[in-house]
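Thanks for coming. I have one structure to go through today, so let me put it on the screen.

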Amino acid sequence: MTDESRPVEEEIEEIVEEPVEETPPAPDDAYLRLAADFDNYRKRVAREHSELTARANERLVNELLPVLDDLERALEAAAEHEEAKLEEGVQLVHRSLAALLERHGLKEIETEGAFDPHVHEALLAQPAEGAEEGSVLQVLQKGYRLGDKVLRPARVIVAE
């Protein structure tokens, strides 16, 4: 029987029966490339996050510069002992800073009514005539939200 006349099945059996030399597997380039790509992605995201934060800070500082100018004018008025101008200057600075922060989503936390532990911090509970138990009697420090997040809870005195 010649090689051409042998059935294909016999040839396959010979190939399968031949001992296969086992070599240790070489590192898979696909996994190494994937790891390198992921590392590059992680570094790029960190760099982009840093740049985004820097740009956001730059924009906020640029918007705060007029408030700083107003404060300087108020201090100059105080140096000249013009109390009326000083008070007017401080009110101007307060209004401009409050408007700026409001444009960026800052809102004051409401303190009227009942105590809410999610947005209020009770510093003291005291008895009060004519006040409902658990109601806010006095605000010691205003609280603020930025969007839905509480930046600082309102510090209050609560009725017992």
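Let me start with contacts across the chain. Counting those in the protein between residues at least 6 apart in sequence, 54% join residues at least 24 apart. Keep in mind that this is a predicted model.

Now the layout. The protein has 3 helices and 6 strands, and along the sequence they follow the pattern α-α-α-β-β-β-β-β-β. Of the 160 residues in the protein, 12% are buried. The protein exposes about 13300 Å², and carbon and sulfur atoms supply 54% of that area.

On to helix α2, which covers residues 29–79. How many aromatic pairs does the structure hold? It holds 1. The partners are Phe38 and Tyr41, in a tilted arrangement, with 6.5 Å from centre to centre and 35° between the planes. Both residues lie in α2, 3 residues apart, which is about one turn of the helix.

Where does Asp70 stand, buried or exposed? Its relative accessibility is 11%, and the cut-off for buried is under 20%, so Asp70 counts as buried. What does Asp70 touch, once its neighbours within four places in sequence are left aside? The contacts are Leu92, Val93 and Ser96.

The next item is on the surface. Leu60, Leu64, Leu97 and Leu101 form a nonpolar patch there, and together they have about 250 Å² of accessible area. Which helices supply this patch? Helix α2 and helix α3, residues 83–103, each supply at least two of its residues. Take Leu97, one of the patch residues, which is found in α3. Leu97 has a relative accessible area of 31%, so Leu97 is partly exposed. Patch members need over 30%.

Last, the strands. Strand β4, residues 144–146, and strand β5, residues 149–152, run antiparallel and are joined by 3 bridges. Within this pairing, Leu146 stands opposite Lys149 in β5. The two strands form a hairpin, with 2 residues between them. Which residue in the turn has a positive phi? That is Gly147, at about 70°.

That is the end of my tour; I can go back to any of these places on the screen.

Conventions. Residues are numbered from 1 along each chain as its sequence is written. This is a predicted model: local features need pLDDT of at least 70, side-chain atom pairs count only at pLDDT 80 or more; totals for chains, interfaces and linings use all residues. Side-chain values use heavy atoms; hydrogens and water are left out. Rings of Phe, Tyr and Trp (its six-membered ring) pair if their centres lie within 6.5 Å; planes under 30 degrees apart count as stacked, over 60 as edge-to-face and the rest as tilted. Helices (H or I, at least four residues) and strands (E, at least two) are DSSP runs, numbered from the N terminus. Buried means under 20% relative accessible area, exposed over 50%, partly exposed in between (1.4 Å probe, protein chains only). Contact means heavy atoms within 4.5 Å. Patches are made of residues with over 30% relative accessible area and no salt bridge: like charges are joined within 9 Å, nonpolar side chains (Val, Leu, Ile, Met, Phe, Trp, Tyr) within 5 Å. Accessible areas come from the Shrake-Rupley method with a 1.4 Å probe; for residues, only the protein chains shown count as cover. A salt bridge is a side-chain nitrogen of Lys or Arg within 4 Å of a carboxyl oxygen of Asp or Glu. Two strands pair if DSSP finds at least two bridges between them.
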